[in-house]
Amino acid sequence: MVELLRAAGAIPIGLTTMDAAAAGAAGLCDKGPIRNPRRTSHSAGGSSGGSAAAVAAGHVEYALGTDTIGSVRIPAAFCGIAALKPSTGRVDTRGVLPLHPEFDHVGPMVATTASLEPLLALLAGEPPGAPPGDRARAPAGDAGLRECRIGYMVDAEDVGATAPVLARYAEGMERLRRLGARLLPLRLADLQPGRARLALFALCERALWSQHGDSLLREPEKDPLALASLLRYGGSLDEPRLAEYGARVARFADAVRGLMQPVHALVLPTTPAQAFDLDSPAPNDIADLTVIATAAGLPAASVPLPAADDLPAGLQIVGPRGEDHFVCRLATAI
């Protein structure tokens, strides 16, 4: 990925910090918390929190992150920037230390939403001047949006969405209405995304154990305590439980894809709450809404929704598989 960026003229200036092994959403690395430039007493989110913080602070125009259950979208929402998790398989992940190869993605994190699409094309290795077929479906101004059927989550409060997030979400929906989109109500809480997130994360913990369990047994002092706990739990999972978790994720993915059949895209909050105070415990449900696109292998962008109290929220756009450019253009239109 870095070599592709260099070849295109980008100047990489450094590495950013992250949650250990990309196995967290709270922005709590072993060297300390990743602080949010919007309010430094609060978390930048994770796992790609350092990349989000660097963009939000204005140090760089864009950064790379990895997203397994929400790790570019969550910090983007917390820090008030934009990010994209591509469709599964759209961007090559060779060279990335895996968390779970089936669900890992590399995605751009940017200050300006319009940068998502060209960076996606670059990272996906698309030939210049040869737009992929899904661009034909992308909205182009008001006329294009009037043809778009956008499903929106009407029961976000039922999965723990807070009042400030719901207020920002309502503003995002009003933008779509003004742009002429046809909005169709969808209920997602009944799919129990929290249970799907727990199951998918358990599969990740098992994958971590398979990859790093030997080193934990040999040199336990080298792993951060939180990571060691995840590894040990992953190692404790037997085949029946793994099969149960895998089946739960598969059923959830099928339900999500079925729910999206009538619409061009699904819009929902990126996270149930805004960035949390680092003096408080990290919420357990940070990735309960980002898991929706991950489990189903769908492209998803987080668009920043500014707030008067300087803590932004994210509007998440989920598109059909392979319609990554459509998602980028809808994000830019919003």
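## Sheet

Strands β11 and β12 run antiparallel and are joined by 6 bridges. In β12, A313 stands opposite L305.

The open sheet has 8 strands, in the order β5-β7-β6-β11-β12-β10-β8-β9, with mixed pairing. Two strands pair if DSSP finds at least two bridges between them. The edges are β5 (62-67) and β9; each has a single partner strand, so one side of each is left without a neighbour in the sheet. On average, neighbouring strands of this sheet are turned by 25 degrees against each other, direction ignored.

Helix α4 (residues 116-123) lies across β5, β6 (82-85), β7 (105-110) and β11. Its angle to β7 is about 150 degrees. Axes are lines fitted to C-alpha atoms, for helices over the stretch in contact, and angles run from 0 to 180 degrees between N-to-C directions.

## Model and conventions

This is a predicted model: local features need pLDDT of at least 70, side-chain atom pairs count only at pLDDT 80 or more, and totals for chains, interfaces and linings use all residues. Residues are numbered from 1 along each chain as its sequence is written, and side-chain values use heavy atoms, with hydrogens and water left out.

## Helix α6

Helix α6 (residues 163-178) has 16 residues and should span 22 Å at 1.5 Å a residue; its end C-alpha atoms are 23 Å apart, which agrees. The expected span is 1.5 Å times one less than the number of residues. The buried residues of α6 are V165, R168, Y169, G172, M173 and L176. They cover an arc of only 145 degrees around the axis, which puts them on the same side of α6. The arc is that of the directions from the helix axis to the C-beta atoms. An α-helix has 3.6 residues a turn, so residues three or four places apart point the same way.

Buried means under 20% relative accessible area, exposed over 50%, and partly exposed in between (1.4 Å probe, protein chains only). Exposed A163 and R178 sit on the face of α6 turned away from its buried side. The buried residues of α6 pack against β8 (149-153), β9 (182-186), β10 (265-269), β11 (300-305), β12 (313-318) and α11 (324-333). Just after α6, G180 has a positive phi of about 95 degrees.

## Nonpolar cores

A nonpolar core is a set of buried Ala, Val, Leu, Ile, Met, Phe, Trp, Tyr and Cys residues joined through side-chain atoms within 4.5 Å. The largest has 84 residues; I150, L176, I317 and L330 touch the most other members. Helix α7 (residues 193-218) gives the most to this core, with 7 residues.

Leaving aside neighbours within four places in sequence, L176 is in contact with I150, A181, L183, V267, L330 and I334. Contact means heavy atoms within 4.5 Å. A second, separate core of 13 residues includes A44, V55, A63 and A83.

## Backbone details

The G46 to S47 peptide bond is cis, with omega near 5 degrees. S47 lies in the loop between β4 (39-43) and α2 (49-56).

A21 is in the loop between α1 (2-7) and β1 (28-29). Phi of A21 is near 60 degrees, a positive value in a residue other than glycine. With a relative accessible area of 34%, A21 is partly exposed. A22 is also in the loop between α1 and β1, and phi of A22 is near 60 degrees. A22 counts as buried, at 11% relative accessibility.

Technical notes:
Helix = DSSP H or I, 4+ residues; strand = E, 2+ residues; numbered from the N terminus.
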